[in-house]
Amino acid sequence: MSKWKLIREGFNKDQIVTDGNRFLCANGYMGLRGVFEEADSKMFPAITLAGVYDQYQNLWREPVNAPHCLYIKVLFNGKEMMLGKEEPMHHQAGIDYGDALYQRETDYGSVLIRSERFVSMAEAHLLCDRMELSFREDGELIFISGISRDIWDINGPHLFDYKAQFGEAICIQATTGEKKTLVASAQCVAFQADTEESYEENEKGIFRILRKHVTPNERVIFDIFGTVFTSMDALQAGDAAIALCMEKMDRGYERCLQEHLAAWRRIQKESEINLEGNEEAALALKASQYHLNSIAPRHADNLSIPARGLSGQTYKGAIFWDSEIFFFPMFVHTQPEVAKSLLRYRIETLPGAIKKAAEYGYRGAFYAWESQEGGEEGCTNFNVVDVFTHRPVRTYFRDKQIHISADIAYALRSYYEITGDRSLLKEGGARVILECARFYISRASCHADHDDVDYADVIGPDEYHERVTNNAFTNRMIRYCMESALLIETIFSDQPDWFAALMKEAGFDKDWRLLREICKRIKEPNIKNNIIEQFDGYFDLEDCSLDTVRGRLCHPREYWGGDHGVAGTTQIIKQADVIAMMALFPDDFSDKVVADNWYYYEPRTEHGSSLSACMYALTACRLGLLDKAWDLFMRTASIDVIGGGKEWAGEIYIGGTHPASNGGAWMIAALGFAGLNIKNGQPAICPHLPEQITKLSFPIIAGGKRLRVTVTHDGGVIDSDF
Ligand code: BGC
């Protein structure tokens, strides 16, 4: 039992969905929402699979939820012991971040139910649940454990042709509608010998029914082992699920638990920041790191992480720029293999990005804004539903948010600069950077009457202002992408033949000349009184307060952006944009310029995205605005403790966990408070520790060495670690 726990006391049915996110257990392969075992589909239970997608009819493509193999129902003396149906005397449920365990205790008087469960960090396909029932009365227990087909789907159903198998392990196999991927869930239960066993199958799933007479003070334990495989992991997914399930039951719950804990401790040791001085902040940071680490792909080397992690199907389970700009920093500094996996996903989905660019009439690689498997674009032209008319709203994220390709190039270059490892560039990363640069060459607007190259009709990070020209962030990222393409020759100057072969393979001769030319001519932002204009014409928009704009809303779930949104005609922005640029390119700007822009943009920022606060916090650290940095840090780190964040965009549910904030919390603590900066594999620190924190200590990998950074108010040191 660790001391890092978040427990909700009492049962509140309005909190079931939020708690499903807060108490998520995951292991990169799958995410098990933190709802209690007996929940039905209205309570959003789900085992969401990473990288397995399906489209039903013409609805949105989204990740597939596997048949739920940890489903339980308890009946005692004919009464169903179900939260929401039977009033408990006491109920509590929560998550132990230190041990990556979900725990729950429900006391119905006659029976006390305790459970503990985990998604194994040691075995990607395994989930375990120990249910312990203690009786205060004599009676008949019926314990039903099953694999439920009553699955929560936002745009489903996704599974068809269900086939059931019964035996020591029970198993359901089904196929997805679109690609006919086989999904198999199996379940075994270890129980006491004097229990009567039978099976049942109905449209809700397959069930093992265990009956037993119990007496007062008797304690009965059921250890449930669930496994999930798809035909993407094993051709005979059902056989694989059954075999693993039986093997793990033979191994026993305790050993499976110990293996899980050992694997989880290793991950924590390699990556986690210890914060001293403020318990609330320490717990929030622990929670952030739990959420990001538990959804990291470690079973595969070419997967990325969806914007809402594995907490469900929100945001279509798609990969956004969140991966490269917000998740990648923690991994590249602590677990480079995971960082590599995120980027390999982009290398392998380059064909999808080339296809998308061609679709719009461009050359090179235009990555999907919402990338699914194979780099398939999940973002539709109508990504929001109007709350008044219930009609889809034409949004332009898919076609105009072009900074995505440069964000990927930015991370590829950072990977090389932080680790000193050129292998990823060589194994396709360099080609990705070239193709992204080529996309921007073909996307540039040149003019007969002036030399500036414009990027017109784009959307920057602030999505409320669509189709703008020369978004400062976008133009800077594009320039960096082009500079990075040009730098490849220098990075591989000792391997001229390899570089020549790359250029030949990419057919880059003519583009090389254009690249040098355009890179120098990309329009610099307009500046007025030190303030960088977010895009051409931004200063001409109505300058009013956030409260004024909020006061114009006619509906709490109304979308602020787009043609009719309340923010579009004003200077109110959704999230850090100019400030995000300053956080990513700190050396470009003096402290004075950063400060002036910070004070200008912060009051005009809604922070309507969980990606926003961390960029403001990072820049606040640099400026020594430590009170502000502290508040923004707490807001970022606590998001999945409180269960905060927007849950609706128009009529679309966007709730879930917030990996970008989780990554942001690491960034603020390590890159902001400790001021860590690694150049050419050499780490340096420049602490900006808020008074609330007495000590920060964390592991990093720099230049291939494991090191430990420790920062207190007396200064900081970087020692060797392990
Ligand atoms: C933000 C995007 C972000 C996406 C996924 C949106 O609300 O504006 O910047 O990539 O959410 O987190």
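**Reading the ligand site**

Guide: Sorted by class, the shell around the ligand in this predicted model holds 6 nonpolar, 2 polar and 3 charged residues. Those residues are A307, Y315, F320, W321, D322, W369, E463, K574, Q575, S609 and L611.

Visitor: Which side chains have a polar atom facing an oxygen atom of the ligand, and at what distance?

Guide: Among them is W321, with a side-chain N or O atom 2.9 Å from an oxygen atom of the ligand, while for E463 the distance from a polar side-chain atom to a ligand oxygen is 3.1 Å, and for Y315 the corresponding separation is 3.2 Å. Of the 310 Å² that the ligand exposes when taken alone, the protein buries 94%.

Visitor: How does one find empty space in a model?

Guide: Rolling a probe the size of a water molecule over the atoms shows where empty space is left. In this case, the space taken by the ligand is the second largest pocket.

Visitor: How many cavities of 30 Å³ or more are there, and what lines the largest cavity?

Guide: The count comes to 5 cavities of 30 Å³ or more, and the largest cavity contains about 130 Å³ of space. Its lining consists of 15 residues, of which I16, D19, F36, H91 and A93 lie nearest the centre.

Key:
Residues are numbered from 1 along each chain as its sequence is written. This is a predicted model: local features need pLDDT of at least 70, side-chain atom pairs count only at pLDDT 80 or more; totals for chains, interfaces and linings use all residues. Side-chain values use heavy atoms; hydrogens and water are left out. A residue is near a molecule or strand if one of its heavy atoms lies within 4 Å of it. A polar contact is a pair of N or O atoms within 3.5 Å; within protein, one must be able to donate a hydrogen and the other to accept it, and residues adjacent in sequence count only if both atoms are side-chain atoms. Accessible areas come from the Shrake-Rupley method with a 1.4 Å probe; for residues, only the protein chains shown count as cover. On a 1 Å grid over the protein atoms alone, a cavity is a set of points where a 1.4 Å probe fits but cannot get out, and a pocket is an open set with protein on both sides within 12 Å along at least five of seven lines; lining residues have an atom within 4 Å of a point. A molecule sits in a cavity or pocket if more than half of its atoms lie within 2 Å of its grid points. Ala, Val, Leu, Ile, Met, Phe, Trp, Tyr, Cys and Pro count as nonpolar, Asp, Glu, Lys and Arg as charged, and the others, Gly among them, as polar. Grid points are joined across faces, edges and corners, and a volume is the space filled by probe spheres set on the points.
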